[in-house]
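Colleague: Before we discuss how this protein is put together, could you show me the sequence and the structure side by side?

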Amino acid sequence: LEYQYNRFNKCIDLLNESIGQYYGSQYTPRNAMFLATIYKEKLQNEEGANALYQTYAQAFPNDPKTKTLQDSVIGSLPPLATRIDTLKANLYDNETNRINFRAANDFIGVCEIYALMLPKDPAAPGYLHEAAKIAGYVNSHKKAIRLYEKIHETYPQHEKAGQSLFMVGFIYDNELNDDTKAKEGYEQFVKTYPDNDFVDDATFLMSNLGKTDDEIIESFGNQTAE
């Protein structure tokens, strides 16, 4: 229905949810191809469509459509990991010394697709972490939070899981100025990863939520006097 009413972004959200939450479903290959079609034909997003085609072939090597994709599309493309590296290398415009927003969005999108379609691949959480960092750089803070939360929830044992949960609180604190959400994020981080190197930072930041810089400096003076 969303597709028929040309609400393609909502359609993408639903397909992402379906694939992500019900990956083992018999409908996942069909939903993945539907997603690729939207990227290619409706959004004219070649990077996203090609990433879906390549991950589809890896995820479903015995599917009849994989042979067709290899003959018609994938065979002429470099490996997806190489393409991700290329996108990352093009994130900054050397002439202006500014981030290339289109390249950044492509990089974030392809990393998300990689993790969506190949959730058990060892590279998936690392790509999500890189995508979250870039999302923060381009001030897409809610997307960064969503990506960091996904790392913590999906890959709790990964080396970046603790830092990702810390960053959720940090973004709410420093970018979105939401003290309530920041406190929740910091508290969950300290409770979940008590031995993480960022625990001291989280504890300090949590104790100073809502304070101005002058108030924080003044508290240092009070501690010294004591």
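Modeller: One term first: contact here means heavy atoms within 4.5 Å. Please also keep in mind that this is a predicted model.

Colleague: In what order do the elements of the protein run from the N terminus on?

Modeller: The protein has twelve helices and two strands. Read from the N terminus on, the order of these elements is α-α-α-α-α-β-β-α-α-α-α-α-α-α.

Colleague: Which residues in H5 meet H3?

Modeller: H5 covers residues 80-89, and its axis lies 10 Å from that of H3. On the H3 side, the residues in contact are Glu47, Asn50, Ala51, Gln54 and Thr55, and their partners in H5 are Leu80, Arg83 and Leu87.

Colleague: Are H3 and H5 roughly parallel or roughly antiparallel to each other?

Modeller: The two helices pack at an angle of about 155°, and angles over 145 degrees count as roughly antiparallel. The crossing of H3 and H5 is left-handed. From the angle it follows that H3 and H5 are therefore roughly antiparallel.

Colleague: How are H2 and H3 oriented to each other, roughly parallel or roughly antiparallel?

Modeller: H2, residues 28-42, and H3, residues 46-59, have axes that come within 7 Å and cross at roughly 160°. This crossing, too, is described as left-handed. Since angles over 145 degrees are taken as roughly antiparallel, H2 and H3 are therefore roughly antiparallel.

Colleague: How many nonpolar, polar and charged residues has the contact of H2 with H3?

Modeller: From H2 the contact draws on Pro29, Ala32, Met33, Leu35, Ala36, Tyr39 and Lys40, while H3 contributes Glu46, Gly48, Ala49, Leu52, Tyr53 and Tyr56. Sorted by class, the contact of H2 with H3 has ten nonpolar, one polar and two charged residues.

Colleague: Which helix supplies the largest share of the lining of the largest pocket?

Modeller: The largest pocket has a volume of about 910 Å³. H1 (8-21), H2, H3, H6 (101-117) and H8 (141-154) each supply at least two residues of its lining. The largest share, eight residues, comes from H6.

Colleague: And which residues of the lining lie nearest the centre of the largest pocket?

Modeller: By class, the lining of the largest pocket divides into ten nonpolar, eleven polar and nine charged residues. Of the 30 residues that line the largest pocket, those nearest its centre are Asp13, Asn16, Glu112, Lys143 and Arg146.

Definitions and conventions
Residues are numbered from 1 along each chain as its sequence is written. This is a predicted model: local features need pLDDT of at least 70, side-chain atom pairs count only at pLDDT 80 or more; totals for chains, interfaces and linings use all residues. Side-chain values use heavy atoms; hydrogens and water are left out. Axes are lines fitted to C-alpha atoms, for helices over the stretch in contact, and angles run from 0 to 180 degrees between N-to-C directions. Helices (H or I, at least four residues) and strands (E, at least two) are DSSP runs, numbered from the N terminus. Angles under 35 degrees count as roughly parallel, over 145 as roughly antiparallel, 65 to 115 as roughly perpendicular and the rest as oblique. A crossing is left-handed if the near helix is turned anticlockwise from the far one by less than a right angle, and right-handed if clockwise. Ala, Val, Leu, Ile, Met, Phe, Trp, Tyr, Cys and Pro count as nonpolar, Asp, Glu, Lys and Arg as charged, and the others, Gly among them, as polar. On a 1 Å grid over the protein atoms alone, a cavity is a set of points where a 1.4 Å probe fits but cannot get out, and a pocket is an open set with protein on both sides within 12 Å along at least five of seven lines; lining residues have an atom within 4 Å of a point. Grid points are joined across faces, edges and corners, and a volume is the space filled by probe spheres set on the points.
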